[in-house]
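Happy to walk through this one with you.

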Amino acid sequence: MMNISEAGGTAPVKVEERLFQNRYMVDAGRPHIRIRPHETPSKALLAMTRLCPAGCYSVNDRGQVEAVVDGCVECGTCRVVTAQTGELEWNYPRGGFGVLFKFG
Amino acid sequence: MIEERFDAIVVGAGPSGNAAAYTMAKEGLKVLQLERGEYPGSKNVQGAILYADALEKIIPDFREDAPLERHVIEQRLWTMDNGSHVGMHYRSDDFNEERPNRYTIIRAQFDRWFSGKVREAGAVLLCETTVTELLRDTAGRVIGVRTDRGGGTAFADIVILGEGVNGLVGQRAGLRPELKPDTVALAVKEMHFLPRETIEARFNLKGNEGVVIEAMGTITDGMTGTGFLYTNQESISIGIGCIVSDFTESNRTPYGLLEAFKRHPSVQPLLEGSECKEYVAHLIPEGGYNAMPQLYGDGWIVVGDAGQFVNAVHREGSNLAMTTGRIAAETVVWLKRRREALSKANLSEYQRRLEETFVMKDMKKYRKIPDFLHHNKHFFNLYPKLLSGAAQTWFRVDGVDKRTKEKQIFQSFRAGRKLSGLIGDAFKLARSWR
């Protein structure tokens with residue numbers, strides 16, 4: 001997960017601190033989103049490093065996009081954004097797993 | 001998993017699925033409802049406002065035991081620039097009525113309550129069960145579903161898809177296309193807790209009275225979107241959302257935008273000292289009438305967000321969800337009583353009935369608005385700034401005579417947007433609104 005500072009913002013906004021409040025049932029070893037192997041990410045996939053509301057996407061030192069989806073809030077934005085490029089394999093977590101909203 | 005045959009299978013236990021399952025079960029149909037969350041509501045997100053009228057038509061005495069937060073007596077509409085807001089507030093004691101019109105709710109609690117009513121009515125609910133695909137016969141009509149419970153299947157005369165904006169079942173079955181980045185908004189929201197006396201003092205409320213704020217302007221940094229703040233009994237729901245394709249073009253993060261909204265001088269004092277207990281994100285279908293998919297076919301009907309039933313201008317969705325769920329169910333009950341097949345031709349009755357309600361009338365009325373707002377960014381950036389500047393010029397007493405002030409205001413608008421642009425925008429807005 002990432003620590004992104006906002007353009008024009010006063011201080012870096014950390015998403016991890018927010019996700020810490022949430023309840024999750026992590027399906028260990030069975031991520032519900034997988035990135036297909038790639039050399040260079042599309043502009044759309046790269047945008048997810050900023051756009052994902054749970055900060056699940058990051059760029060590794062080879063310039064490829066990686067995902068750690070334990071904090072995913074299952075909004076579907078990444079699937080919609082990369083629908084044209086086909087870089088993601090997106091499924092729901094198994095029944096009962098994933099984020100569990102206390103308030104919603 | 002379940003070998004017996006059902007009259008209907010409902011996918012999802014949100015407002016639309018619950019409305020459909022309740023209506024059919026109450027009429028004696030054998031209903032199976034499938035929900036992927038641990039409990040109904042555990043995957044669901046909304047602001048949230050409950051519109052009483054839509055629920056009253058399903059459960060007339062819902063006020064007796066539904067978990068309601070506050071009834072709304074005051075609506076604030078704000079246009080904001082970086083340090084100010086220009087507001088239109090409507091507050092009325094008339095909203096302190098015996099059967100209030102709108103309530104703030106907390107969805108995880110409300111959906112659980114609604115689901116309890118569905119089960120009392122006789123429907124079978126299976127949670128922690130994700131529907132993976134629709135089953136069809138050789139003629140292509142939908143006859144049931146496969147789930148991730150050991151690949152188990154269930155069969156019924158009709159499958160009602162109340163699977164939400166992010167629903168994959170109908171999409172992967174080819175019943176509707178994937179969402180488009182320019183017709184769907186990404187919204188993030190936080191739940192901030194405060195003592196109820198503090199909320200009542202800050203918002204000038206007594207008892208269960210509530211306030212809702214809807215805001216637009218520079219808070220979305222030029223993107224098409226809005227912010228909101230709703231008072232619950234002991235918490236405040238605060239959120240902001242923008243069209244996804246605008247987000248992809250910007251350099252902002254959703255949580256950064258929310259943080260800036262929370263720190264706005266008009267908002268910050270309202271949240272002072274609160275404790276955030278949850279952060280959520282969700283998509284909102286905002287494409288309106290022009291983005292609506294086919295709503296029915298042989299053996300299936302789509303209801304709620306999955307069918308794009310959201311009135312983005314009025315921030316209404318849950319009432320459209322409940323109404324489409326109810327009408328879909330009533331159509332199924334009506335056809336079954338007449339012993340007619342649940343075929344595409346017969347299910348066109350669903351759409352015909354919807355056309356007679358506010359649902360389709362409003363969807364049609366605002367069909368041009370989503371596109372208009374997406375291509376007229378001045379309404380989210382320039383105009384809020386001009387409005388704020390004009391208000392400040394007008395209210396600041398500084399020895400400048402009023403006629404000169406009027407001229408300054410007029411000139412600021414002309415400098416910001418040529419007269420032809422101003423008139424054009426007003427004309428286009430009026431035409432889209434009609």
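Two residues count as being in contact if their C-beta atoms, placed from the backbone, lie within 7 Å. Keep in mind that this is a predicted model.

Q: What makes B:Val159 a residue in contact with others, leaving aside its neighbours within four places in sequence?
A: The test is a C-beta distance within 7 Å. Leaving aside neighbours within four places in sequence, B:Val159 is in contact with B:Ile9, B:Val11, B:Leu134, B:Val142, B:Val145, B:Gly299 and B:Trp300.

Q: Where does B:Val159 stand in the largest nonpolar core?
A: That core has 142 residues, and B:Val159 is one of those with the most contacts inside it, a group that also includes B:Ala8, B:Ile9 and B:Ile301. The largest share comes from α9(B), with seven residues.

Q: Why is this core said to lie between domain 1 and domain 2 of chain B?
A: Both domain 1 (5-67 + 106-177 + 293-355) and domain 2 (184-285) give residues to the core, so it lies between them.

Q: What makes α9(B) largely enclosed by the rest of the structure?
A: A residue is buried if 20 or more other C-beta atoms lie within 10 Å of its own. Of the 20 residues of α9(B), 14 are buried, so the helix is largely enclosed.

Q: How do you know what span is expected of α9 of chain B?
A: The expected span is 1.5 Å times one less than the number of residues. For helix α9 (residues 318-337), with 20 residues, 28 Å is expected, and the helix reaches 28 Å from its first C-alpha to its last. B:Arg339 follows α9(B), and its phi is positive, near 55°.

Q: What classes of residue make up the side of domain 2 of chain B that touches domain 3 of chain B?
A: Eight residues of domain 2 and seven residues of domain 3 take part in the contact. On the domain 2 side there are three nonpolar, five polar and no charged residues. The centres of these two domains are 26 Å apart, taken over C-alpha atoms.

Q: How many residues of chain A and chain B are in contact?
A: There are 33 residues of chain A in contact with 45 residues of chain B. Within chain A, α2(A) gives the most to this side, with four residues. By class, the chain A side has 19 nonpolar, eight polar and six charged residues.

Q: What is the secondary structure of chain A?
A: Chain A has three helices and eight strands, running β-β-α-β-β-α-β-β-α-β-β from the N terminus.

How values were computed:
Residues are numbered from 1 along each chain as its sequence is written. Chains are lettered from A and ligands numbered from 1 in the order in which they are written. This is a predicted model: local features need pLDDT of at least 70, side-chain atom pairs count only at pLDDT 80 or more; totals for chains, interfaces and linings use all residues. Helices (H or I, at least four residues) and strands (E, at least two) are DSSP runs, numbered from the N terminus. Ala, Val, Leu, Ile, Met, Phe, Trp, Tyr, Cys and Pro count as nonpolar, Asp, Glu, Lys and Arg as charged, and the others, Gly among them, as polar. Domain bounds come from an automatic or database domain assignment. A residue is buried if 20 or more other C-beta atoms lie within 10 Å of its own, exposed if 12 or fewer, and partly exposed in between; C-beta atoms are placed from the backbone. A nonpolar core is a set of buried Ala, Val, Leu, Ile, Met, Phe, Trp, Tyr and Cys residues joined through C-beta atoms within 7 Å.
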